[in-house]
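Please open the structure in your viewer and keep the selection tool at hand. The tour below goes from stop to stop, telling you what to select and what is there.

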Amino acid sequence: MNAPATPAVTTSPAPMAGAEAGFGIYVHWPFCRAKCPYCDFNSHVRAGVDQARWRRALLAELDHYAAETSGRPVTSVFFGGGTPSLMAPETVTAVIARIGEHWSLADDVEITLEANPTSVEAASFAAFRAAGVSRVSLGVQALDDGVLSFLGRQHSAREALAAVDFARTHFPRWSFDLIYARPGQTVAAWRAELARALAEGAAHLSLYQLTIEEGTVFHGAWRRGELLPPAEARAADLFEATQDAMGEAGLPAYEISNHARAGEECRHNLTYWRYGDYVGIGPGAHGRLSLRADDGTVRKIATRQHRAPDAWLAGVEAAGHATRARDKIDASARLAELVMMGLRLREGISRAAFQRELGLEPEAALPAASLSLLIDGAFLELDEAALRATDAGRLCLDALLGRLLA
Ligand SMILES: C[S@@+](CC[C@H](N)C(=O)[O-])C[C@H]1O[C@@H](n2cnc3c(N)ncnc32)[C@H](O)[C@@H]1O
Ligand code: SF4
């Protein structure tokens with residue numbers, strides 16, 4: 001698993017790294033105040049976290065990855081979790097400063113921090129802004145107290161809306177998340193909740209359908225028949241109602257679950273979906289790096305850090321980083337990743353991205369029979385600029401990908 005599969009690399013930026021896709025840095029903070037019953041993210045509840053020790057470790061991993069990728073302009077930084085709004089502001093400040101020392105920060109760099117909308121966390125907003133955070137993404141999840149308690153959240157709808165208000169005051173850009181397709185949710189109730197959310201005037205909203213993830217409390221309840229998610233037809237109606245309401249409000253989906261006014265898309269997530277490069281530090285973080293080898297070839301590698309917080313911390317303190325896997329991405333995996341990420345986007349995958357990643361046009365990279373079948377069925381479109389999934393294609397993306405990448 002730990003096999004370093006790449007030859008020696010130079011520290012100069014790779015020419016084929018795809019500047020148009022951006023270059024991001026992801027920082028994972030794995031702690032939460034409570035574990036939500038639906039969540040399978042790498043998040044853990046701890047009585048006390050030694051902030052200074054964690055700060056040193058995060059900085060050490062930044063130093064480690066900077067050795068391979070320094071000099072590239074960073075277009076985005078994302079503090080994700082877990083609950084990064086529980087980080088000491090000093091840690092956020094130190095991480096951003098160290099990124100600026102190792103790399104260069106693009107003039108319009110986007111620095112996002114995920115925050116839970118409780119008053120305790122909102123109290124740190126001014127300090128996060130002073131640290132350089134320019135965008136917050138709040139996990140509101142629902143605007144109904146009964147639903148929030150069902151979702152195991154630590155905040156009320158009122159508190160969440162107060163945090164939204166606070167975010168609006170402190171940050172130039174802000175967004176919030178809602179979870180829909182909840183048990184018993186009707187289209188009418190969801191439309192009303194969405195209208196309430198839109199009244200806040202956000203330029204970006206993430207709207208996720210509730211997924212029952214294995215290993216969660218909800219999964220156990222679902223297996224015992226105690227939790228019934230909406231039937232497929234109801235879920236499809238809810239999805240369609242979401243697309244309609246958001247389109248009418250001027251925030252169409254730019255990705256399956258993400259909606260924004262033009263220009264307000266999350267640039268960091270766009271880098272993932274455009275299959276750009278990013279460094280991932282912190283427990284369980286993933287990275288994708290295009291590195292130039294001594295022979296001049298550019299290789300793309302996938303990195304993954306130790307997932308368990310204690311193993312990660314011990315690894316960093318012993319070796320300066322806790323990389324658990326570092327693998328070369330071969331051509332077929334590269335095609336699969338490019339397509340799986342890019343077809344999530346309404347804009348699709350540019351021909352330039354196919355050329356950059358594979359040196360091929362989409363017609364040559366993909367199986368001709370499947371491609372024409374999916375185009376004839378109006379699930380895919382291919383023109384002189386890009387390959388993209390149609391609205392119908394994005395609705396059944398898993399099946400489409402199964403056919404295209406079989
Ligand atoms: C890393 S999580 C949350 C960040 C932050 N800790 C919070 O809870 O507000 C990012 C988002 O994923 C969504 N999410 C997590 N688990 C989900 C699930 N099982 N189904 C649907 N959405 C989910 C939630 O909307 C959540 O805000
Ligand atoms: S949803 Fe957010 S707060 Fe809840 S356990 Fe997951 S990461 Fe933590």
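Begin by selecting the shell around ligand 2, whose residues divide into five nonpolar, four polar and two charged; here Ala, Val, Leu, Ile, Met, Phe, Trp, Tyr, Cys and Pro count as nonpolar, Asp, Glu, Lys and Arg as charged, and the others, Gly among them, as polar. The residues that surround ligand 2 are C32, A34, K35, C36, Y38, C39, S43, G82, T83, N116 and R153, where a residue is taken as near if one of its heavy atoms lies within 4 Å of the molecule.

Before moving on, note that this is a predicted model, in which local features need pLDDT of at least 70 and side-chain atom pairs count only at pLDDT 80 or more, while totals for chains, interfaces and linings use all residues. Residues are numbered from 1 along each chain as its sequence is written, chains are lettered from A and ligands numbered from 1 in the order in which they are written, and side-chain values use heavy atoms, with hydrogens and water left out.

Next, select Q141, which has its place in strand 6; strands (E, at least two residues) and helices (H or I, at least four) are DSSP runs, numbered from the N terminus. Is Q141 buried or exposed? With a relative accessibility of 8%, Q141 counts as buried, a word that means under 20% relative accessible area, whereas exposed means over 50% and partly exposed lies in between (1.4 Å probe, protein chains only). Leaving aside neighbours within four places in sequence, the contacts of Q141 (heavy atoms within 4.5 Å) include Y38 and R153.

Now select S137, which is also found in strand 6 (residues 135–141), and which counts as buried because its relative accessibility is 9%. Among the residues that S137 touches, not counting those up to four places away in sequence, are T112, S175 and D177. The C-alpha atoms of S137 and T112 are separated by 7.0 Å, although these residues are 25 apart along the chain.

Strand 16 is joined to strand 17 (residues 386–389) by three bridges, and L380 has A389 as its bridge partner in strand 17.

How values were computed. Pairing = 2+ DSSP bridges.
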